[in-house]
Amino acid sequence: MIFDFVKHSECPKELLNNICLLKSQYWHYSIQKQIEWMNRNISQNDVHLILKNEETIIAYLAITKGKIQIDDSRGNEFLGIGNVCVDKNYLKQEYGFLIMKIAEFYIKQNRKIGLLLCQENNVLFYKKGNWLLHNGNTYICEEKFDHFLFYYNVATLGKKVVLSKAF
């Protein structure tokens, strides 16, 4: 079992394609559309966290940097966790929790707030992982976000959170 942190700017095309093939098990977009999304939303210094067994990607997530405004405060940085997925051949083997624990360690080491956005079908997974559910209003670039925001490595978020980007 190997964990690999790959900067987006250093991610080979073949690896990006393999990440997209894994993500295609959950999100039904073409490889080209997924790569276009990554190039728009993942900055050059953001990180792809990959768990693999020899050459097979078992689990994946992206760690992106952004800015967060909490209530009236400005300029706090966060690390966003996105695109969390596990190869369906490896479900029920705790790999999702394992890759999230590595991401949590990365967040703590970088002394940042950890955030993740999810839809209702994933809420229980993140609650079991001890991420905290934000109960206030969430906005992405001033547009209301109607799903769920979880946070990590901070005691609380305010009533209103504005994120600089989607992830």
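Student: What share of the 167 residues of the chain counts as buried?

Tutor: In this predicted model, 45% of the 167 residues of the chain count as buried.

Student: And how many helices and strands does the chain have?

Tutor: There are 4 helices and 10 strands in the chain, and, taken in sequence order, they follow the pattern β-α-α-β-β-β-α-β-α-β-β-β-β-β. The chain is as compact as a globular protein of that length, because its radius of gyration is 15 Å, close to the 15 Å that the globule rule gives for 167 residues.

Student: What box do the C-alpha atoms fill?

Tutor: Taken along the principal axes, the box filled by the C-alpha atoms of the chain is roughly 45 × 30 × 30 Å.

Student: Okay, what about contacts: how much do residues 24 or more positions apart account for?

Tutor: If you consider the contacts in the chain with a separation of 6 or more, residues 24 or more positions apart account for 62% of them.

Student: Let's go to the strands. Which way do β3 and β10 run, parallel or antiparallel?

Tutor: Strand β3, which spans residues 56-70, and strand β10, at residues 160-163, run antiparallel and are joined by 3 bridges; in one of the pairings, I68 has L163 of β10 as its bridge partner.

Student: Which sense for β7 and β10, then?

Tutor: Strand β7, residues 137-140, pairs with β10 in the parallel sense over 4 bridges, and N137 stands opposite K160 in β10.

Student: Where is C141 placed?

Tutor: C141 lies in the loop between β7 and β8, the latter being residues 143-144. Although C141 and V162 are 21 residues apart in sequence, their C-alpha atoms are 6.7 Å apart in space.

Student: What is C141 in contact with, leaving aside its neighbours within four places in sequence?

Tutor: With those neighbours set aside, C141 is in contact with L163, S164 and K165, and L163 is also the residue in β10 that partners I68.

Student: Switching to the surface: which residues make the nonpolar patch?

Tutor: Y26, W27, Y29 and L91 make a nonpolar surface patch of about 400 Å². The whole accessible surface of the chain comes to about 9,500 Å², with 48% of that area belonging to carbon and sulfur atoms.

Student: Is Y29 buried or exposed, and why?

Tutor: Y29 counts as exposed because its relative accessible area is 56%, where the cut-off for exposed is over 50%. Y29 is found in the loop between α1, residues 13-23, and α2, residues 31-41.

Methods. Residues numbered from 1 in each chain as written. Predicted model: local features only at pLDDT ≥ 70, side-chain atom pairs only at ≥ 80, totals over all residues. Heavy atoms only, no water. Pairing = 2+ DSSP bridges. Helix = DSSP H or I, 4+ residues; strand = E, 2+ residues; numbered from the N terminus. Contact = heavy atoms within 4.5 Å. Patch = residues over 30% accessible without salt bridge, like charges linked within 9 Å, V, L, I, M, F, W, Y side chains within 5 Å. Areas by Shrake-Rupley, 256 points an atom, 1.4 Å probe, with all protein chains shown as cover. Salt bridge = Lys/Arg side-chain N within 4 Å of Asp/Glu carboxyl O. Buried < 20%, exposed > 50% of the residue type's maximum accessible area, 1.4 Å probe, protein only. Rg over C-alpha atoms; globule rule 2.2 N^0.38 Å.
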